[in-house]
Number of protein chains: 4
Amino acid sequence: MRVGVLTGGRDCPGLNAVVRAVVRKGVQHYGDEFVGFVDGWRGPLDGETVPLDIPAVRGTLPRGGTILGTSRTHPLDHPEGVRRIRENLAKHEVEALITIGGRDTLGTAARLADEYGLPIVGVPKTIDNDLSGTDCTIGYDTAVGVATGAIDRLHTTAESHKRVLVVEVMGGDTGWIALRSGLAGGANVILIPEQPFDVEQVCAWVTSRFRASYAPIVVVADGAYPKDGSMRLGPGSGVRLSGVGEWLAREIEHRSGKEARTTVLGHLQRGGSPSPFDRWLATRFGLHAIDAVHEQDFGTMVALRGTDVVRVPIAEATARVKRVDPKLYEEVGVFFG
Amino acid sequence: MRVGVLTGGRDCPGLNAVVRAVVRKGVQHYGDEFVGFVDGWRGPLDGETVPLDIPAVRGTLPRGGTILGTSRTHPLDHPEGVRRIRENLAKHEVEALITIGGRDTLGTAARLADEYGLPIVGVPKTIDNDLSGTDCTIGYDTAVGVATGAIDRLHTTAESHKRVLVVEVMGGDTGWIALRSGLAGGANVILIPEQPFDVEQVCAWVTSRFRASYAPIVVVADGAYPKDGSMRLGPGSGVRLSGVGEWLAREIEHRSGKEARTTVLGHLQRGGSPSPFDRWLATRFGLHAIDAVHEQDFGTMVALRGTDVVRVPIAEATARVKRVDPKLYEEVGVFFG
Amino acid sequence: MRVGVLTGGRDCPGLNAVVRAVVRKGVQHYGDEFVGFVDGWRGPLDGETVPLDIPAVRGTLPRGGTILGTSRTHPLDHPEGVRRIRENLAKHEVEALITIGGRDTLGTAARLADEYGLPIVGVPKTIDNDLSGTDCTIGYDTAVGVATGAIDRLHTTAESHKRVLVVEVMGGDTGWIALRSGLAGGANVILIPEQPFDVEQVCAWVTSRFRASYAPIVVVADGAYPKDGSMRLGPGSGVRLSGVGEWLAREIEHRSGKEARTTVLGHLQRGGSPSPFDRWLATRFGLHAIDAVHEQDFGTMVALRGTDVVRVPIAEATARVKRVDPKLYEEVGVFFG
Amino acid sequence: MRVGVLTGGRDCPGLNAVVRAVVRKGVQHYGDEFVGFVDGWRGPLDGETVPLDIPAVRGTLPRGGTILGTSRTHPLDHPEGVRRIRENLAKHEVEALITIGGRDTLGTAARLADEYGLPIVGVPKTIDNDLSGTDCTIGYDTAVGVATGAIDRLHTTAESHKRVLVVEVMGGDTGWIALRSGLAGGANVILIPEQPFDVEQVCAWVTSRFRASYAPIVVVADGAYPKDGSMRLGPGSGVRLSGVGEWLAREIEHRSGKEARTTVLGHLQRGGSPSPFDRWLATRFGLHAIDAVHEQDFGTMVALRGTDVVRVPIAEATARVKRVDPKLYEEVGVFFG
């Protein structure tokens, strides 16, 4: 078979490991040939490809990023998008398309498969871990590792200076990175978008921590926000702060009288070598994705359930955001303050 | 309530994280008091304890090892073992005993709970990941991380010298560490106890790797062995080799004419700071274990199922070794050679 | 002898390692007793101390931060500062004061020793590496390690998205962290305060890198600035950017038409476990500092010269900032673009 | 100019970083062309080469090992060795040969330059750090980092089990790796070849450590040995132990009655990505080596002196082994026991 592969959306660790596993099993086990579409959906839209064979994927398992490139192009925004993709798949004699992406990229994949009948198999990746239908996504474990390592480092500075350190981590609409890295890093407060916070409560936790003669670490997801709508960010606001982390540090200083500093981890969370867990998961996802292709099981996405890799409809996985359950958030609340 | 805690068997990363979570939730949420029994089953056997409260667990989340100490004492081997444990629990007014251990320690726990009615809740830990009833055990992810990091390092030496590098990892009767670290590290051969190997086949893989102008890494679990019974180790044998890793390197040199070297990772795999995943898992296990105590759900063990923490009978979890499924081993075989 | 110890200025990795070495050798070899002054110069100013003996320093070698606390208090700004320090030293019967600090803290130490005759021995620490008289300072190697690790991570994101990534590192008035981490991380442009930059030249390097089909990493010291005075930061400016990193990314986007993103490493560079090199250097500095105390060699600072630890006048070491030599900057320029 | 490059002896981290710096500056600054000789001295001996230009070195800065391959071939053992090297240099029109190696490889280089007039510039690499004339060699800092990381991990196991852990590190005839990693890792005993040890003294330190309620870590260089000649290793001995680490653990168990375990780090110390310090040093060495070539300063080796890169005669650097000074060993002795 001739199989196309693309990686879409923001880059994350483990993409190359998926591509390598797909190609290794496809070539060696099934005798497939591959076409690498570049820069996410831009590749099949513009018909731009790179050679994709065993030499091309050698040595890529531990490498972050994606050798195929990525972009946030939305082919369904193009009036001719579907037609052009169809033509380019035909031109390259591609019989199936493995699409590695997050909510956006796979949301498009679901429509292309279900509404337009394109032969697509999906693989879920995103450091945010916000895709339904799978226990976790590729990249999440690595991102948590980076964030936890950062929190570990910041503890000593907080203690030495008796300061509040606010760490802003990624997560989009969800608090998965904040929750796990905050717990693993021994944070004293963890704030997530699923649970708008009360600044007074945050200050109470901070103060109680200082009373115990320790300095607090506050982990805040970049999508978290206060209950009372008091936060104003960006050009429209008076204060012009770049994110919730800085806003919160300023509020804490103001209300508690304690010095507070912010660290924004940003892109560090999505770069670099994937963790062993992500390499394992990405490889297994790749092996199962090429199997799904050969079983013509299109419109499905590979997913982790317990220790098994299963398949779920892409549409189902992308229909709703997987959010942090209030019960789980409450469970970790015992460590606050 | 007054609750005892012990850690038994070989040490592994994440033990302190369990103890900390148990104590934090017990004290803050339930108003419990704790008794730390030292050195595994030796503690309740000899009535030896250490104070266990919130100050005692502070700062222990990222620390490997166990602040309670551990040992491989078997109380059921003592004629008076059960009586002495009962007396010591009574003497310290302990109403429940949280037992953190692997197959051995929890096997004893199951009998003490089921046959003798002791109020025990179990928590599964072992770098070997060989306990049934849970998707994984505490310590496994960290051990895989150490092994994968080592394999990453050894690739460059293999390449530079055109040598075979054999890496012997832990695992006891099972190949879980070998399988995941070998896959994550991009090993060219992975050998596990569940699947006795054929030395000629190993040499064929090694040779094929060299033909592709690359140098091979062979990951072998310390419990793996050749099909044909040709391996002789230790004092009784003529060759006096310390383990399968060295034996295999010698065989490969002999049969393939290629230079081979062995690295035995040993204790490195069980020491040091737990990975973020293990800190998370250990913490959740601890929080659920103290809940089980308060629900008087004795004879059970906390376990991971997908993303949930559930409870299973300890006896069930320890009744049989969780081995690597032949299908899973076959799945990764596409990367051999 | 009774010896006081303080750590001043911003925290950095390796402070505890110095204190531990001082105390271990002092107690075991010389039979000394120690007084720990808390929070830098605030300790001797206010007479606030903590017990400092072998149990107090146990296990602190690999720990970042400082068990003594630190602050940026300037005792010479207090009209009664010198008198109060003298009184508090006398009150605690302290015969010598080991002062671990950077330019500020040691600058004060130099004046207290030279002008007021206080019995002080200095130990140079600062991640910025800007103290004269020593090949390097404690904390610098660790900070470079954190920054290099971050740059390593960011390469894959830059490649995958064909973006410019600007990394802002610390360094104060000097470019030592930028220079070494930029070189070690394979940055394509390195900008330092010693050499005001030309934005057009930076854009030319960026563009040339893209022409070679790679994405550029720009490392910029937080004290770097453009030649032409065009940079405006902070409240007074129209643009309200928080630092040179963000300003530069915006300029690059504007002028080159390429997407650019900024990562500000901030406090990550000063926290966490010291590198092996810093633990070694800190330990040797500590051992030599207590020797200097016993030789009554006051007013001196321990320093690294090649592989030897020597002593230099504190005044000399703090008289002028150690800057990056233009020749050294030119040497690494071959990698730009 | 046409310049040859080879890497000889055992592989170590930083070799690629040297080669990359040589090629980048050679091509961009001097307009040179390069010839890569493969597998150490075997390359010029057999006339085997690989293309070496800017694309060949791209991305190699953080990669361990050597893209040129290495071997321990001794050309002076071949009767026709010198003639063949001369012919092959002539055949490839090579006007200078940059030789990156340790004592062996550079010892040969010194003779070829001084006795036979070959146009050679040397670069010192070895994890053992045993070359004279330079403050340190490439690879040493990385090896110390690996060993220190391992010691950090083993502390928790030692504590949890109340065991002695013996860590055998590399170093050949010298104790540089043992000394620095032992100090940085907080070892309780450090044994080096320069100072034959007294087993009774080692047991006394071990016992004293247990009395303080802590478990000891003993770091032993693979070349260390007991004073009294009691150690027998290998085939000829009765005990058939593989190294000093295992021998010592057995002796400690025997004499002190304490459980002891050995970890042999082996090849882990020479593989993997170079530390930031080694990348910096290797790069600077490479830049200076190509300068030396263009100044026709043959027979010299680049060397670190303080913060400067200087040149010394290769013959001088290889004439005698750089050993650990007894004074330095005594200095760290304060931490033993």
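**Entry 1: chain B against chain D**

I counted 2 salt bridges between chain B and chain D, taking a salt bridge as a side-chain nitrogen of Lys or Arg within 4 Å of a carboxyl oxygen of Asp or Glu. B:Asp39 pairs with D:Lys162 in a salt bridge, with the closest N and O atoms 2.8 Å apart. The model is a predicted one, so I kept its limits in view: local features need pLDDT of at least 70, side-chain atom pairs count only at pLDDT 80 or more, and totals for chains, interfaces and linings use all residues. Residues are numbered from 1 along each chain as its sequence is written, chains are lettered from A and ligands numbered from 1 in the order in which they are written, and side-chain values use heavy atoms, with hydrogens and water left out.

I then looked up the polar contacts across the interface of chain B and chain D and found 18 residue pairs, both residues at pLDDT 80 or more. A polar contact here is a pair of N or O atoms within 3.5 Å; within protein, one must be able to donate a hydrogen and the other to accept it, and residues adjacent in sequence count only if both atoms are side-chain atoms. Helix H6 (140-161) and strand E9 (260-264) of chain B are the elements that give two or more residues to the side touching chain D. Helices (H or I, at least four residues) and strands (E, at least two) are DSSP runs, numbered from the N terminus. H6(B) has the largest share of that side, 9 residues. I sorted the side of chain B that touches chain D by class and got 7 nonpolar, 17 polar and 9 charged residues. In this sorting Ala, Val, Leu, Ile, Met, Phe, Trp, Tyr, Cys and Pro count as nonpolar, Asp, Glu, Lys and Arg as charged, and the others, Gly among them, as polar.

The contact (heavy atoms within 4.5 Å) takes 33 residues from chain B and 33 residues from chain D. About 2,500 Å² is buried between these two chains, and carbon and sulfur atoms give 53% of it. Buried area is the accessible area (1.4 Å probe) that two parts lose on being put together, summed over both. In chain B, the residues that lose the most area to chain D are B:Arg153, B:His267 and B:Leu268, together 27% of what that side buries.

**Entry 2: chain A against chain B**

I repeated the look-up for chain A and chain B, where the contact takes 37 residues from each of the two chains. They bury about 3,400 Å² between them, 63% of it on carbon and sulfur atoms. On the chain A side, A:Trp280, A:Glu331 and A:Phe335 lose the most area to chain B, together 21% of what that side buries.

The rule finds 4 salt bridges across this interface. I noted a salt bridge between B:Arg279 and A:Asp152, at 2.9 Å, N to O. Five helices of chain A each supply at least two residues of the side that touches chain B: H1 (15-30), H6 (140-161), H7 (176-184), H10 (276-294) and H12 (326-332). H10(A) gives the largest share, 8 residues. By class, this side of chain A has 15 nonpolar, 10 polar and 12 charged residues.

**Entry 3: pairs without contact**

Chain B and chain C do not touch, and their nearest C-alpha atoms are 12 Å apart. I found that chain A and chain D do not touch either, with nearest C-alpha atoms 12 Å apart.

**Entry 4: salt bridges within chains**

C:Glu259 forms a salt bridge with C:Arg163, the closest N and O atoms being 3.3 Å apart. The pair links distant parts of the chain, 96 residues apart: C:Glu259 is in the loop between helix H9 (244-256) and strand E9 (260-264), C:Arg163 in the loop between helix H6 (140-161) and strand E6 (164-169). I checked burial (buried under 20% relative accessible area, exposed over 50%, partly exposed in between; 1.4 Å probe, protein chains only). C:Glu259 is partly exposed at 36%, whereas C:Arg163 is buried at 8%.

D:Glu33 and D:Arg2 meet in a salt bridge at 3.0 Å, N to O. D:Glu33 lies in strand E2 (residues 33-37) and D:Arg2 in strand E1 (residues 2-7) of chain D, 31 residues apart.

**Entry 5: cysteines**

I found 0 disulfides over all chains, a disulfide being a pair of cysteine sulfur atoms within 2.5 Å. C:Cys12 is buried, at 0% relative accessible area.
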